[in-house]
Amino acid sequence: MTQYEERAEISAYVTALNEVVIRADEGLEVVTGDDDLEQALGKLAQLSAIYRVDDVYTILAQRESALLAGSLTRSLVESALAEKWFNSRPVNEAPRSATLAAERQNIADTVSASGLSVPNLHRWNNPIPDGRFSIATPGLALPNVQAGISRNASSSIESIILLPAPLVDVLGMCSHVNHTATWLTAGDASKEIGVSASPEFAAIMAQSAGLSTASIRGFNHEGPTLDLLAATTSVHDFDLVAPLGKVKHVEALRPRQPSSDSRAWFGAESPAILDDLLHETREKALDVWRLVNEAPNPFSGPNKVVNLTSALPYLAARDLLLLTIRSTFEGCSPLMAPTGARMLLEQGSELAWRFSDSSDSELVKRYQAHMDDATDRKKALENRLRTRTSSAAAIEKLLYPRGRGSFAIDTRRMPDSQPAEPPSPQEHLNELSLGVAEPNWGELAYKLLTQAAHATPLGVLHSVARIDRSSGQPSLSHEMTALSLDTACIGAALVMRGLSPLITNQAGLPSPLDWLLELFQAAGDVHNNAQRIHCLG
């Protein structure tokens with residue numbers, strides 16, 4: 001295939017995805033004063049799907065952060081599964097309202113267990129000052145469709161996206177900035193190493209995002225989806241083999257038990273000053289971006305030095321920070337910012353853990369645990385894919401964009417008798433001292449961002465809670481926007497602190513210590529402003 005032909009195929013599936021976005025927007029029902037809570041949540045779920053598929057289209061068209069596009073795509077697959085489950089419930093149930101009640105209790109319980117002071121908890125649990133959103137009646141709630149779904153609901157996934165179910169694990173790895181996912185940006189066909197997806201991965205994301213949206217909006221077999229399918233399959237080459245064993249549909253998953261908390265969460269009108277504070281916070285976040293952008297980048301230019309183990313997470317974080325900050329400005333989609341911020345916070349906390357003990361033995365041990373975990377996940381993914389597709393070549397092109405070699409991601413450092421067990425994100429976040437009044441707020445911030453990143457009923461309320469001053473359109477709540485800016489800057493600063501000494505040593509650059517000091521001061525300025533809005537830390 002010539003380079004011209006490859007660009008033409010990429011253009012074909014991106015264009016086809018845009019047609020799906022246009023079709024999804026047709027006939028969208030808006031929330032009216034006559035809708036009850038269950039109906040309103042259903043309509044907002046439809047709207048949030050359109051926001052996210054449009055984000056995926058924009059990122060792929062501009063060949064920007066593959067990890068962010070993958071995370072948004074993963075959330076669309078989850079939403080398509082959730083819609084199937086919600087629609088399967090008896091008519092006398094209100095499963096969306098029950099799920100909202102469960103999410104609110106989860107947040108309230110986290111605050112209680114942490115001992116944090118969150119004076120605006122009522123705003124976090126109900127950002128819209130509308131009485132019908134105040135009380136969510138407990139009941140049987142949506143099962144967990146955020147973890148283990150490629151196994152637990154594999155039949156439903158494959159019927160929605162027409163791809164092997166294990167591929168949604170690749171999308172999940174994007175959400176957690178796993179090295180296996182960053183490796184999908186390492187091929188020569190990527191526009192920018194560490195940032196843009198390989199053509200194969202981009203096609204998989206386009207198909208998964210487009211077909212999930214079509215399932216949510218109810219036009220699975222219309223022309224736009226068929227055109228998208230034709231354009232994407234010609235690039236990624238994945239097919240599906242007949243399933244073996246038990247059929248696993250999402251409708252069969254056991255619901256979560258009802259929330260035990262039935263309190264009312266009365267939302268209050270946002271004071272006008274929050275708009276001004278948010279503007280100031282954005283401006284200070286741009287200062288963080290300028291510092292990050294001004295840092296030397298040894299991975300570009302004619303004399304570039306590329307150590308992929310450090311280059312991929314470094315370049316991925318730079319692009320994530322830019323897109324996260326950019327998406328908080330007027331006229332942008334509301335769900336990109338909290339998704340990107342959550343990824344940066346997790347990436348930063350993991351690197352903070354990895355480099356928190358500077359002894360040589362511990363640094364080696366933690367690096368081995370991190371990389372072996374990624375290697376094991378990649379190998380397990382490859383083995384599972386081989387059971388669901390006949391195309392070994394498609395697996396090879398996706399997972400090995402630079403061919404097979406002695407790369408860190410493909411080389412286990414410890415024997416199998418010493419399994420790699422790096423801490424979970426929650427453990428990283430619990431150990432993370434953010435150096436502010438209440439330093440243990442990282443886990444709560446992560447859970448709040450998760451509501452938006454996974455488009456839960458509570459997350460979609462936040463996505464329309466603020467009126468954009470310039471467009472007059474609903475946009476992300478003040479609290480979630482401020483938290484996104486704050487945690488994105490903190491996460492990016494932690495990533496830079498972890499990687500820049502390593503990179504400067506590899507590339508022979510001057511010491512980054514003065515620059516890091518300035519970067520953390522700028523991130524602290526963002527937090528001081530944002531904290532007056534989100535009230536955490």
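A cavity here is a set of points on a 1 Å grid, over the protein atoms alone, where a 1.4 Å probe fits but cannot get out, and lining residues have an atom within 4 Å of a point. Grid points are joined across faces, edges and corners, and a volume is the space filled by probe spheres set on the points.

Before going on, a word on the source: this is a predicted model, in which local features need pLDDT of at least 70 and side-chain atom pairs count only at pLDDT 80 or more, while totals for chains, interfaces and linings use all residues. Residues are numbered from 1 along each chain as its sequence is written, and side-chain values use heavy atoms, with hydrogens and water left out.

The largest cavity has a volume of about 90 Å³. It is lined by 15 residues, and the closest to its centre are Ser327, Thr328, Cys332, Arg466 and Ser475. By class, that lining has five nonpolar, six polar and four charged residues. Ala, Val, Leu, Ile, Met, Phe, Trp, Tyr, Cys and Pro count as nonpolar, Asp, Glu, Lys and Arg as charged, and the others, Gly among them, as polar.

The second largest cavity holds about 70 Å³ of space. Of its twelve lining residues, Tyr13, Leu60, Arg63, Ala197 and Ala202 are the closest to its centre. Two or more lining residues come from each of α1 (3–25), α2 (37–62) and α10 (199–217). This lining has eight nonpolar, two polar and two charged residues.

Next, a single residue. Is His454 buried or exposed? His454 counts as buried because its relative accessibility is 12%, and buried means under 20% relative accessible area (1.4 Å probe, protein chains only). His454 lies in the loop between α18 (442–453) and α19 (457–462). Leaving aside neighbours within four places in sequence, His454 is in contact (heavy atoms within 4.5 Å) with Ser75, Glu78, Gln146 and Arg342.

Now the whole protein. There are 21 helices and two strands, taken as DSSP runs numbered from the N terminus (helices H or I, at least four residues; strands E, at least two). Of the 537 residues, 58% count as buried. Among contacts between residues at least 6 apart in sequence, 78% join residues at least 24 apart. The C-alpha trace spans about 65 × 55 × 50 Å along its principal axes.

Note on methods. On a 1 Å grid over the protein atoms alone, a cavity is a set of points where a 1.4 Å probe fits but cannot get out, and a pocket is an open set with protein on both sides within 12 Å along at least five of seven lines; lining residues have an atom within 4 Å of a point. Buried means under 20% relative accessible area, exposed over 50%, partly exposed in between (1.4 Å probe, protein chains only).
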